[in-house]
Amino acid sequence: MPPEKKNSDGPDRTDSTEILISVPEMADGASMWRIARDSGSLDLNSSYAYLLFCRDFSRTCRLATVDGESAGFVLGYRRPDRPDCLFVWQVAVDANHRGAGISSRLLDDLVTSELEPPIRTVETTITDDNAASQALFAAFARRWGAELSTSTFITAEHFPDGHDGEPLYEIGPLDPGAPRAVPAR
């Protein structure tokens, strides 16, 4: 049996199943919603929102598929005032596929895509108690030779429902000469 391999995406994994990354289509929205719902930790958007992301923002979203089943996704959009900035709305990986580096591969695929203008900065928000997402984006910044800064963005007082505050994480500028793929695990 091969040795177990560790990474920051979740529990240890030893399988070597091929992970396919693609631009989602509207029909993929339902499975993406289910992955977010089943995560147990993500804010669940309406199923309608996932369908619209796949239709209207598909170029800045990615879907990971393993053995013909949706295994993870990233939802993102370009900021209207900064088209070289990608705002990452949500990243999720099905519990059965955590630990295989899917989140990192999804993000790297997205920023290496042939979008015009190229993505030079990535933003996201992460609650203070979400250590996994904090580690994911810190590792992303290191891979891309970019600075990671945090600032106050949306405080708990902004939310009408008792939601924790969401600091803004800004990563950039991305180094175009940085590694183009997640190292093999």
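Me: If buried means under 20% relative accessible area, exposed over 50% and partly exposed in between (1.4 Å probe, protein chains only), does Cys85 come out as buried or exposed?

Reply: Cys85 counts as buried, because its relative accessibility is 0%. Keep in mind that this is a predicted model, in which local features need pLDDT of at least 70 and side-chain atom pairs count only at pLDDT 80 or more, while totals for chains, interfaces and linings use all residues. Residues are numbered from 1 along each chain as its sequence is written, and side-chain values use heavy atoms, leaving out hydrogens and water.

Me: OK, and what about Cys61, buried or exposed?

Reply: Cys61 also has 0% relative accessibility, so it counts as buried.

Me: How many disulfides turn up in the whole structure, then?

Reply: A search of the whole structure finds 0 of them, where a disulfide is a pair of cysteine sulfur atoms within 2.5 Å.

Me: Changing topic, which residues touch the most other members of the largest nonpolar core?

Reply: Those are Val122, Phe137 and Leu174, in a core that holds 28 residues. A nonpolar core is a set of buried Ala, Val, Leu, Ile, Met, Phe, Trp, Tyr and Cys residues joined through side-chain atoms within 4.5 Å.

Me: Which elements give two or more residues to it?

Reply: On the strand side they are strand 2 (62–66), strand 3 (69–79), strand 4 (82–93) and strand 7 (166–172), and on the helix side helix 3 (102–111) and helix 4. Helix 3 provides the largest share of this core, with 5 residues. Helices (H or I, at least four residues) and strands (E, at least two) are DSSP runs, numbered from the N terminus.

Me: One more: where is Arg143 found, and is Arg143 buried or exposed?

Reply: Arg143 belongs to helix 4, which covers residues 131–143. Its relative accessibility is 13%, so Arg143 counts as buried.
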